[in-house]
Structure formats: C-alpha cells, structure tokens
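Visitor: Hi there, could you walk me through this one? I'd like to start with how the helices pack.
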Amino acid sequence: MRTFKMGLVGIFALSLVFVSCTQDENEAPTTDQTDLTIPVSQKKIPKEVRDAVIKLNLNSDYIKYDTFHFPDGTTEERLYIEKDLVLSEEQLFAMAEAAEDGDGRQYSTDNLVSQGRNISIIGYTGGSQALSSKERTALRWAVNNYNRLSGVSISFTLTFGTNYQNKDMVVYNNTVNNPYGAGGSAGFPSGGYPYKYVQIYGLSGYSTNVNEHVITHEIGHSVGFRHTDWFSRQSCGQNSNEGTAGVGANHIAGTPTGYDPTSIMLACFSSSEDGEFNSNDIKALQTMY
C-alpha cells in the first residue's frame with residue numbers, strides 16, 4: 001500500500017506546503033484562510049464553556065459556535081475548538097467534569113473507547129456528502145491501519161451505505177459546506193464509544209494516501225488522541241501551544257516528548273503524506289488500548 005509512517009500521541013485534525021488533516025481538524029497549513037461568517041458563529045462564548053475548554057488543556061483562544069452538518073443534510077449548533085474538534089456543550093461539560101474528578105490523565109476511562117470494543121464504521125454514500133471512489137479506498141486503507149495492529153484491543157468493522165444511524169462512526173465528505181481549505185474534523189469519545197461523526201473536505205485534488213492520512217488522523221481523535229505537536233503546532237509552521245491548563249496532553253510512555261516529524265497525529269499535513277502510522281503512533285495505540 002504505502003511506505004512512510006506517522007506518529008500519534010495526541011488528540012485531533014492540514015493546505016499545500018503542508019496540507020490539512022483536519023487540522024483536528026487536520027488541515028494543511030495556510031497563510032490566507034477565508035473566514036466564513038454565519039450568524040451562529042457570532043455567538044459569545046460563555047465563561048463556563050471557556051473554563052471547560054481550559055480544564056481539558058485545549059486552546060481557549062480558538063472557540064466558536066458554528067453549524068454542524070450531518071450526512072443526511074440536517075444541521076445542529078455545536079462548538080468548534082482548535083478548528084477540527086467538534087463537540088456539543090453537553091459533551092464538553094461532561095468531559096471537563098470527568099477530567100476534574102478523574103486520575104489526572106488526559107482522558108479518564110469514560111472518555112476513551114471501551115477496551116475490546118468492535119467499532120462499526122460506515123462510509124457514507126448518499127447525496128452531496130457521499131464519499132468519492134478515492135475517498136472510499138482511503139477509508140478502507142485507514143481502517144486497515146488500525147485493524148492490522150497487534151496488541152490493540154479495539155477493532156473496526158467497515159461497511160458502506162446511507163444507514164448510519166445505528167453505526168458507531170460515520171465518515172462523510174462535507175466539502176459542500178466547507179468550500180475553502182482541505183482537511184477534516186472529529187471529536188472525542190464518550191460513554192465508551194468513539195466520536196461518531198468524521199468529516200473530510202477539500203481533498204479531491206490530493207492523492208489516495210493523503211486522503212488515507214486525514215481519515216486515519218480524524219479516527220485517531222475519535223478514539224481519544226491529541227495532536228502530537230499540541231505544544232507547538234510546528235507542523236503548521238507555527239509556534240503556539242494548544243493547551244494551557246496542565247490537565248491533559250499527558251505524555252504516553254515510550255513515545256517522544258519532543259517534535260515527532262512523521263506522526264500521523266501532527267496538527268497539519270503535507271501533500272506527500274503516505275497515510276501510515278509510524279512506530280510511535282503504534283506504541284501510543286498499544287499503550288492506550
């Protein structure tokens with residue numbers, strides 16, 4: 001399939017030069033990004049929301065309300081944090097409470113996928129948000145990235161279609177509602193299940209390997225990982241820290257504490273990604289699951 005690898009110690013989503021993975025969305029780094037302004041995005045961020053984001057050691061400088069688009073075209077207001085993390089207020093507050101009352105890890109047991117769980121994942125094939133043939137292939141490769149690992153207790157069963165309501169996770173193309181940029185978005189696990197909705201967008205001009213990279217990255221967020229370079233966003237050509245509270249982003253034993261240039265969980269991606277885990281990504285998965 002492909003040959004290069006990437007790393008994974010953290011949670012969430014790359015442009016040209018570097019291309020968006022959703023930038024956790026993993027997105028490609030960009031120097032000129034259009035700000036799409038819609039009424040819901042003008043909502044003020046309440047103090048309790050900002051406080052909850054800080055408790056989770058996420059970047060409180062990037063929080064907004066925006067419209068979330070489901071595969072069937074329905075919408076709902078949700079919070080967008082660090083660009084590619086998407087949560088309802090209820091999910092955010094529950095995660096913050098678990099982090100406050102838990103054992104000091106980035107995610108308590110309640111915010112990881114249950115050990116031994118087989119995750120039903122569907123690639124959406126209906127209407128304007130259907131995955132293309134290339135994207136379906138990339139999803140197969142991404143699922144294989146997880147299923148072929150030894151020493152990992154979670155696994156995936158992949159199907160394609162439109163009946164996503166009873167599935168644990170659905171992967172769909174939301175370019176129609178994200179016409180600028182390239183990448184993806186996802187959220188965190190809750191109640192022992194992965195985050196359900198994995199969106200990708202703007203990836204039609206990229207290789208199948210890059211599509212595989214973005215989908216693998218976003219699934220990584222959905223099962224509980226942060227960006228590997230959360231402390232610097234170096235992969236995006238930045239020098240900024242996504243977290244400030246010291247509650248999350250705990251180091252996973254056996255993986256680098258510094259910048260890991262080949263991790264699949266870097267905040268931004270390039271147009272030359274091969275879509276594969278590196279040895280540190282694999283170690284992180286084996287340690288957590």
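Guide: Happy to! A quick definition to begin with: axes are lines fitted to C-alpha atoms, for helices over the stretch in contact, and angles run from 0 to 180 degrees between N-to-C directions. Helices (H or I, at least four residues) and strands (E, at least two) are DSSP runs, numbered from the N terminus. This is a predicted model, where local features need pLDDT of at least 70, side-chain atom pairs count only at pLDDT 80 or more, and totals for chains, interfaces and linings use all residues. Residues are numbered from 1 along each chain as its sequence is written, and side-chain values use heavy atoms, with hydrogens and water left out.

Visitor: Great. At what angle do helix 3 and helix 4 cross?
Guide: Roughly 50 degrees, with the axes of helix 3 (residues 133-147) and helix 4 (residues 208-222) coming within 8 Å. That makes helix 3 oblique to helix 4 (under 35 degrees is roughly parallel, over 145 roughly antiparallel, 65 to 115 roughly perpendicular, and the rest oblique).

Visitor: And which residues make that contact?
Guide: Contact means heavy atoms within 4.5 Å. Helix 3 contributes Lys134, Glu135, Thr137, Ala138, Leu139, Trp141, Ala142, Asn145 and Tyr146, and helix 4 contributes Thr208, Asn209, Asn211, Glu212, Ile215, Thr216, Ile219 and Gly220.

Visitor: What about valine 210, is it buried or exposed?
Guide: Buried, with a relative accessible area of 0%; the cut-offs are under 20% for buried, over 50% for exposed and partly exposed in between (1.4 Å probe, protein chains only). Valine 210 lies in helix 4. Leaving aside neighbours within four places in sequence, valine 210 is in contact with Phe269, Ser270, Ser271 and Glu273. Its C-alpha is 8.3 Å from that of alanine 138, 72 residues apart along the chain.

Visitor: Switching to helix 1: which residues are buried there?
Guide: In helix 1 (residues 47-55), Val49, Ala52 and Val53 are buried. Seen down the axis of helix 1, the buried residues fall within an arc of 100 degrees, so they line one face of the helix. That arc is taken from the directions from the helix axis to the C-beta atoms.

Visitor: Last one: where is lysine 43, and what does lysine 43 touch?
Guide: Lysine 43 is in the loop between strand 1 (19-20) and helix 1. At 38% relative accessibility, lysine 43 counts as partly exposed. Not counting residues up to four places away in sequence, lysine 43 touches Tyr65 and Glu77.
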